[in-house]
Amino acid sequence: WGVGSYVWAPLLEALAVSAPRCRIHLFDLPGYGSAVPDSGSFVAQAQKLLATLPPDCTLCGWSLGALFALQMAQWAQRQIRRLGRVGASPCFMQREDWPQAQLPALLDGFIQAIGVQPEATLQRFIALLNQGDTQAKRIGRLLRQGLLASVLPDRDSLLQGLGYLRDLDLRAAVPAIRTPTLLINGEHDPLMPVAAAHWLQAALPT
């Protein structure tokens, strides 16, 4: 949420070296970068994104993108041969039976701020997601540069994404995933508690 596909730019060289026979595709969520806004539902947007993926692919998503990746992997397990989830949770918001997530107050604050100062809110979000990282200054600088160099997501797309993070609960989809899955989570991630990754590790079929 909040940043476009440029977040992957620092990894492209390493990916090209480690997987020289693979073609790397970067794609933006609706309303980000070159992607046009889309007022459709999460399911409708995920279906459109799935239609753009090549066959026999490895799909990797981060945060909100990882929720889309999880949904697409459930639908297209022959097309998506491997799945990568970075800083991911199947359910971002706390529920009665799901404490390893964020309190509603966090999203409520972002929803209010986006309506007043979207660019300043995104910069604050970048600072928040890097809290505790040993390379926080360098990563934050790269993300801010990407943010300033790109077209800001429109307000409706940002609010729509926050609504997805508030409402989506994809825990029921996880046991159906047969795709080999790599989970990458930070031990001190301030947004995606590592406990959610431990739950995913236990819930994904071996």
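How do the residues lining the second largest pocket divide into nonpolar, polar and charged? I looked this up before anything else.

**Entry: basis.** I am working from a predicted model, in which local features need pLDDT of at least 70 and side-chain atom pairs count only at pLDDT 80 or more, while totals for chains, interfaces and linings use all residues. Residues are numbered from 1 along each chain as its sequence is written, and side-chain values use heavy atoms, with hydrogens and water left out.

**Entry: second largest pocket.** The lining divides into seven nonpolar, three polar and three charged residues. Here Ala, Val, Leu, Ile, Met, Phe, Trp, Tyr, Cys and Pro count as nonpolar, Asp, Glu, Lys and Arg as charged, and the others, Gly among them, as polar. I noted 13 lining residues, of which Asp28, Leu29, Pro30, Ala35 and Leu49 lie nearest the centre. The pocket holds about 160 Å³ of space. On a 1 Å grid over the protein atoms alone, a pocket is an open set of points with protein on both sides within 12 Å along at least five of seven lines; a cavity is a set where a 1.4 Å probe fits but cannot get out; lining residues have an atom within 4 Å of a point. Points are joined across faces, edges and corners, and a volume is the space filled by probe spheres set on them.

**Entry: cavity.** I searched the whole structure and found one cavity of 30 Å³ or more. The largest cavity has a volume of about 60 Å³. Helix 3 and helix 7 (155-167) are the elements that give two or more residues to its lining. Helices (H or I, at least four residues) and strands (E, at least two) are DSSP runs, numbered from the N terminus. Helix 7 gives the largest share of the lining, four residues. The lining of the largest cavity divides into six nonpolar, four polar and no charged residues. Tyr164 is one of the lining residues. Tyrosine 164 is found in helix 7 and is buried, at 11% relative accessible area. Buried means under 20%, exposed over 50%, and partly exposed in between (1.4 Å probe, protein chains only).

**Entry: salt bridges.** I looked up the salt bridges and found six in the structure. The criterion is a side-chain nitrogen of Lys or Arg within 4 Å of a carboxyl oxygen of Asp or Glu. Lysine 48 pairs with aspartate 38, the closest N and O atoms being 2.9 Å apart. Lysine 48 lies in helix 2 and aspartate 38 in the loop between helix 1 and helix 2, 10 residues apart. Which of the two is buried? Aspartate 38 is buried, with a relative accessible area of 15%, whereas lysine 48 is partly exposed at 49%.

Aspartate 56 forms a salt bridge with arginine 81, with 3.6 Å between the closest N and O atoms. Aspartate 56 sits in the loop between helix 2 and strand 1 and arginine 81 in strand 2 (residues 80-86), so the pair ties together parts 25 residues apart in sequence. Arginine 81 is partly exposed, with a relative accessible area of 44%.

**Entry: positive phi.** Aspartate 56 is not a glycine, yet has a positive phi of about 55°. Serine 63, also not a glycine, has a positive phi of about 60°. I placed serine 63 in the loop between strand 1 and helix 3 (64-75). Serine 63 is buried, with a relative accessible area of 13%.
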